[in-house]
Amino acid sequence: MGGWAIAVHGGAGVDPNLPKERQEEAKRLLTRCLDIGISALRSNLPAIDVVELVVRELETDPLFNSGRGSALTENGTVEMEASIMDGPKRRCGAVSGLTTVKNPVSLARLVMDKTPHSYLAFAGAEEFARKQGVELVDNGYFITEDNVGMLKLAKEANSILFDYRVPTLGTCGVGAALESPILMNGLPISVYAPETVGCVVVDREGRCAAATSTGGLMNKMNGRIGDSPLIGSGTYACDLVGVSCTGEGEAIIRSTLAREVAAVMEYKGLNLHEAVDYVIKYRLDEGKAGLIAVSKKGEVACGFNTTGMFRGCATEDGFMEVGVW
Amino acid sequence: MGWAIAIHGGAGDIPLSLPPEKRLPREAGLRRCLEVGIAALKARNHPLDVVELVVRELENHPNFNAGKGSVLTTTGTVEMEACIMDGKTMKCGAVSGVSTVVNAISLARLVMEKTSHIYLAFDGAEAFARDQGLETVEMSHFITPENIERLKQAQEADRVQIDYTQPIQKETPKDAAVADGDSQIGTVGCVAVDNEGNLATATSTGGLVNKMVGRIGDTPVIGAGTYANHLCAVSATGRGEAIIRGTVARDVAAVMEFKGISLKEAAAYVIDRVPPGTAGLIAVSSTGEIAMPFNTTGMFRACATEDGYSEIAIWDSTSK
């Protein structure tokens, strides 16, 4: 008991047919991010700094749905959001509607540290970013070919899903996707981009922190805000625990999932693993989601009711694991 | 059991010396909106319809910080937000950064019912409002002289305030307090339960005076300013940042459930745990209980139950 612990995720809701090399690529990235976090923890960096550092890495890599590599809005643009929370005093910061900020999680951190507010969005957030001198890029920087292709498929899927006269499209593309019954947030799993990346950390002093970042739901309406920037839904940290969630944003919001983990620990006296199991089992109803969590005692836990969640975790006593299923 | 309804017009540092010309219109507003809600419940409307209706009234009333009468951002603009939630289905809708929609709460309801999303903001929310044919106006419609003055005061004092806050962080002359007597308004909200235990909550606001452009508060954050489930419906008001951090609305229901205590006890417990002077809330339970605790000087509020009880109050949190 005690000692640091860290977990990272690259999103819940993975296509069971995901090619092996994509799975390996994901595991390599998760491992790399874990290593960055572990190294920072060994240098005694506080939890809040570690989660920011690791999520920046996840945002910068185009593989997962955050920062570069974000899912696209219905108009083919990128609108990113993120939140960060520091357990000890439950300080928090969040941003939404970012289109030019290279690392949304760092802007969320600045909202927490440099403003009297907790949450800034859209033009106001971008203006704040400009004034803070953070790195800004064109919206095009965040857009990958992969996601442009996915958006097209998502639009086809959405129009077909609402049209009962489903044409047979053969064994590839949307037709095959529709033969698979797995849907996440209304999209076939093959075009669904697992929403969000995140990191939770407890440092050697027992301080917990959490951070989550995302481009959001593929083909979302412009202006749509999901769970990731909402404190208590996608992200939460307090004295006891740090939590970052991923999955169907609307389901996570309705169940205030991140706060739920802490609440059952606080009020029902469950330990971390029991709490994670409990909320995944009983608090999601029809919703599909996953989460990672650490406790101030140095424990780490993951839970999900989806087909897979890209994740990795490690503790100071040498335990380390990276997985998809 | 019977129905129950509670409404608020904001919690904050409302001075006991609030002059009648500031107090009376707000009390009258609360009375009228309560009556609208009571009539709707008597007519067996669903609580979701009731809370939306009542909050629309509160938004239209220029003396409360929502809709017309919203406080201003640091650049003198209006950015409104609202949120609505149904306790039984847990469906919810929220909007932020709305500047031309006459009734933000109705836009939040449309997000809930007409999209697969929960929360739309800024340009996206405005575009959706137009798609849906909601009534929109020039932003100037929402701006009142009191709020222009309020913004000026806040900028002079160079701070962000809940609408009620007197300049408590620094030494201020008495007349500043009286001048501030005009800033006694805040977020609005309504919670209701019918005699079948259906619960709903709705909250709407212009936010914090002198807030940064793009600042989002607790109101549209499900679990912070607004929350309902099968146990209770909650609408919070006060310092948004503290309410977010304290997941206030969600905690009331969580504490009821996990500690097995009454609504009143749960609500008091939660308010106790946010810093003094930062929050208040109204809540109703599925069994018709009402709670209206606050740790600020006052909270504009009113409530009524089917058995004929009704109350309109500003100060004195000892009972509800």
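**Where A meets B**

I started with the strands: strand S9 (residues 224–225) of chain A is joined by two bridges to S4(B), and the two run antiparallel. I then checked A:Ile225, and its bridge partner in S4(B) is B:Tyr119. A note to myself: this is a predicted model.

Next I looked at the whole contact. Chain B puts in 41 residues, and chain A puts in 41 residues. Interface size is often given as the accessible area lost when the parts come together. For chain B and chain A I found about 3,200 Å² buried between them, with 65% of it on carbon and sulfur atoms. Which residues of chain B lose the most area to chain A? They are B:Met212, B:Arg245 and B:Phe258, together 20% of what that side buries.

I count four salt bridges between chain B and chain A. I looked up A:Glu260, which forms a salt bridge with B:Arg250, the closest N and O atoms being 2.8 Å apart.

Last, I asked which elements give two or more residues to the side of chain B that touches chain A. They are strand S4 (119–121), helix H4 (122–131), helix H7 (240–245) and helix H8 (248–259) of chain B. H8(B) has the largest share of that side, six residues. By type, the residues on that side of chain B split into 21 nonpolar, nine polar and 11 charged.

How values were computed:
Residues numbered from 1 in each chain as written. Chains lettered and ligands numbered in written order. Predicted model: local features only at pLDDT ≥ 70, side-chain atom pairs only at ≥ 80, totals over all residues. Heavy atoms only, no water. Contact = heavy atoms within 4.5 Å. Buried area = accessible area lost by both parts, 1.4 Å probe. Salt bridge = Lys/Arg side-chain N within 4 Å of Asp/Glu carboxyl O. Helix = DSSP H or I, 4+ residues; strand = E, 2+ residues; numbered from the N terminus. Nonpolar A, V, L, I, M, F, W, Y, C, P; charged D, E, K, R; others polar. Pairing = 2+ DSSP bridges.
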